[in-house]
Amino acid sequence: MKTTRSQQLFAEASRYIPGGVNSPVRACRGVGCDPLFIASGQGSHITTVDGDTLIDYVLSWGPLLLGHAHPEVTKAVTAAAAKGTSYGAPCPDEVLLAREVVEAFPGMDMVRMVNSGTEAAMSALRLARAVTGRNKVLKFIGCYHGHADSFLASAGSGVATLSIPGTPGVPEATVRDTLLAPYNDLGAVRDLFDLHGKDLAAVIVEPVAANMGLVLPEEGFLKGLRALCDSAGTLLIIDEVITGFRAEYGGAQTRFGVTPDLTVLGKIIGGGLPVGAYGGKAEYMERIAPAGDVYQAGTLSGNPLAMAAGLATLRVLKQCDYAALEKRVDAFATELETVLRARGLPVRVNRLASMFTVFFTDGPLRNFDEVKSADSALYARYFAEMRKNGIFLAPSPFETGMVSFMHSEEDFAATIKAASRCELG
């Protein structure tokens with residue numbers, strides 16, 4: 001069999017880059033395939049270095065709600081780059097982008113730009129500890145908040161995909177302050193508050209779990225967390241790195257009517273460039289240096305290219321019809337589930353807004369344990385068959401499919417047709 005250019009590049013990359021990739025899930029080990037190397041993207045499609053074009057439901061893991069190479073975003077980045085790629089000093093677009101972000105989220109008074117979701121979550125936790133004078137943090141099993149030490153206890157996403165046990169390289173003393181509860185289990189959270197409430201600095205949660213596949217919050221779960229935090233003087237951190245500007249323009253917190261103390265953002269606010277942010281009430285954010293005594297800094301924070309891309313993205317998104325896209329995605333997910341079920345497969349397609357996940361199970365999907373009971377081997381076969389038929393999916397059963405405003409009805413029809421052709425026996 002002829003070696004493809006992607007295979008050649010992966011073999012060479014493996015000599016110089018650990019595992020041949022710069023982020024673990026890209027290696028496609030969870031689905032038993034080699035990765036495809038991408039030459040370009042346009043709208044809802046990507047083209048590989050071998051010249052194959054696929055419909056893209058990864059979208060750089062979520063940032064590209066406007067699709068690849070959107071003209072307004074490309075124009076903004078090009079114009080910014082022509083003026084210089086980095087200043088190490090403030091630029092006008094970071095002020096404009098900060099204003100757009102603050103105005104989008106109820107309860108957010110100020111925001112600090114950083115370079116990744118990991119950095120944002122780490123910084124938000126540091127701030128919560130400083131504000132409360134406490135050390136412990138409660139996170140949910142299977143939720144992923146980046147790879148900072150405190151958050152790697154029972155993380156989902158890539159950690160789950162690669163079946164990495166425990167948290168190698170993380171001191172035991174660090175994760176000792178990380179408490180764990182099942183997602184959607186408010187009773188377990190109450191029990192932990194009863195035991196550790198006076199020591200609990202923060203609860204951090206994905207408002208819609210999107211790193212164990214897409215798992216929706218049950219009625220009352222998020223508001224229950226808000227009430228428990230209020231009663232104990234604990235800060236509620238909502239991680240909207242994935243859902244921010246995707247669940248709806250004002251994020252999942254707006255959709256579900258829950259106002260956190262701090263919000264973690266990333267992905268869409270950079271329009272495809274590296275970015276992160278954390279924000280919240282002024283009384284907390286003014287503790288951040290140089291306004292206050294909690295130190296956090298970054299050479300490339302507020303980078304002019306990322307700020308220009310994010311600002312252009314949000315300005316376009318403000319004019320987009322989120323409700324119409326959600327209706328289209330819901331119809332697509334329903335048809336996809338019907339087609340797969342007609343083949344005698346146990347399947348559920350969870351969906352919300354412009355996100356979806358195919359789970360090969362008939363069981364409930366409320367938490368990570370239930371997600372892990374789905375048939376991951378069947379997902380791997382499904383992934384390989386869909387890729388062969390021109391559909392680019394997340395190479396892990398623990399990731400979430402993404403749809404952009406650029407996906408057409410023709411894209412959805414082609415995806416349904418590919419699913420009907422899959423040889424999954």
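By class, how many nonpolar, polar and charged residues does the lining of the second largest cavity have?

Reply: Happy to! This is a predicted model, where local features need pLDDT of at least 70 and side-chain atom pairs count only at pLDDT 80 or more, while totals for chains, interfaces and linings use all residues. Residues are numbered from 1 along each chain as its sequence is written, and side-chain values use heavy atoms, leaving out hydrogens and water.

The lining you ask about has five nonpolar, one polar and two charged residues (Ala, Val, Leu, Ile, Met, Phe, Trp, Tyr, Cys and Pro are nonpolar; Asp, Glu, Lys and Arg charged; the others polar). You will find Leu65, Arg246, Tyr322, Leu325, Glu326, Ala353, Ser354 and Phe405 around this cavity, whose volume is about 40 Å³. A cavity is a set of points on a 1 Å grid where a 1.4 Å probe fits but cannot get out, and lining residues have an atom within 4 Å of a point. Volume is the space filled by probe spheres set on the points.

Two cavities of 30 Å³ or more are counted here. The largest holds about 100 Å³, and its lining includes Tyr57, Phe356, Thr357, Val358, Tyr379 and Glu399. Strand 12 (355-359) and helix 14 (376-388) each give two or more residues to that lining, with strand 12 giving the most, three. Helices (H or I, at least four residues) and strands (E, at least two) are DSSP runs, numbered from the N terminus. By class, the lining of the largest cavity has seven nonpolar, four polar and one charged residue.

Conventions: 1 Å grid on protein atoms, 1.4 Å probe; cavity = no way out; pocket = protein on both sides within 12 Å on 5 of 7 lines; lining within 4 Å.
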